[in-house]
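Please look through the model below before reading the notes.

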Amino acid sequence: MGKRCKICNYKFEVEPGFFFGAMFVSYALACAEMIACFVITWAILKIPVIYIFLCVVGIALLSSAFNFRLSRTIWMYLFYKKA
């Protein structure tokens with residue numbers, strides 16, 4: 001991520017440990033994605049358990065980079081106050 005926003009000049013690195021909470025947001029996003037993948041593959045597609053496991057692991061790996069940025073953005077918007 002950049003140091004500052006190009007539009008509003010918001011400083012992303014507020015203080016050490018500020019984005020520690022983004023880790024919890026990322027965990028919640030990953031859990032929601034894996035549960036949704038499990039429900040879709042198990043309840044709707046009715047595929048064997050080993051393929052369900054592989055699908056859930058694949059979704060977790062593929063979405064990790066997306067979750068990293070999204071969780072930081074969500075965490076930042078929780079504390080951003082427009083002046």
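1. A disulfide is here a pair of cysteine sulfur atoms within 2.5 Å. By this rule the count is zero disulfides. The sulfur of Cys8 has its closest cysteine sulfur in Cys5, at 3.6 Å, which is too far for a bond. Cys31 is in no disulfide either, and the nearest cysteine sulfur, that of Cys37, is 13 Å away.

2. On accessibility, buried means under 20% relative accessible area, exposed over 50%, and partly exposed in between (1.4 Å probe, protein chains only). Cys8 is partly exposed, with a relative accessible area of 40%. Cys31 also counts as partly exposed, at 24% relative accessibility. Of the 83 residues of the protein, 20% count as buried.

3. This is a predicted model, in which local features need pLDDT of at least 70 and side-chain atom pairs count only at pLDDT 80 or more, while totals for chains, interfaces and linings use all residues. Residues are numbered from 1 along each chain as its sequence is written, and side-chain values use heavy atoms, with hydrogens and water left out.

4. The predictor's confidence in each residue is given as pLDDT, from 0 to 100. The protein has a mean pLDDT of 87, and 92% of its residues reach 70 or more. Among its elements, H2 has the highest mean pLDDT (94) and H3 the lowest (89).

5. Helices (H or I, at least four residues) and strands (E, at least two) are DSSP runs, numbered from the N terminus. The protein has three helices and zero strands. Its radius of gyration is 17 Å, well over the 12 Å that the globule rule gives for 83 residues, so the protein is more spread out than a compact globule. That radius is taken over C-alpha atoms, and the globule rule is 2.2 Å times the number of residues to the power 0.38. Along the principal axes, the C-alpha trace spans about 55 × 25 × 20 Å.

6. Contact means heavy atoms within 4.5 Å. Of the contacts in the protein with a separation of 6 or more, 58% are accounted for by residues 24 or more positions apart.

7. The expected span of a helix is 1.5 Å times one less than its number of residues. For the 25 residues of H1 this should give 36 Å, and its end C-alpha atoms are 36 Å apart, which agrees. The buried residues of H1 are Gly21, Ala22, Val25, Cys37 and Thr41. These buried residues pack against H2 and H3.

8. Lys46 has a positive phi of about 55° although it is not a glycine. Most residues other than glycine have a negative phi. At 64% relative accessibility, Lys46 counts as exposed.

9. Helix H3 (residues 64-79) has 16 residues and reaches 23 Å from its first C-alpha to its last, close to the 22 Å expected at 1.5 Å a residue. Its buried residues are Asn67, Ser71, Arg72, Trp75 and Met76. Seen down the axis of H3, these fall within an arc of 160°, so they line one face of the helix. The arc is that of the directions from the helix axis to the C-beta atoms.

10. Which helix do the buried residues of H3 pack against? They pack against helix H1 (20-44). The face of H3 turned away from its buried side carries the exposed residues Ala65, Phe66, Arg69 and Tyr77.
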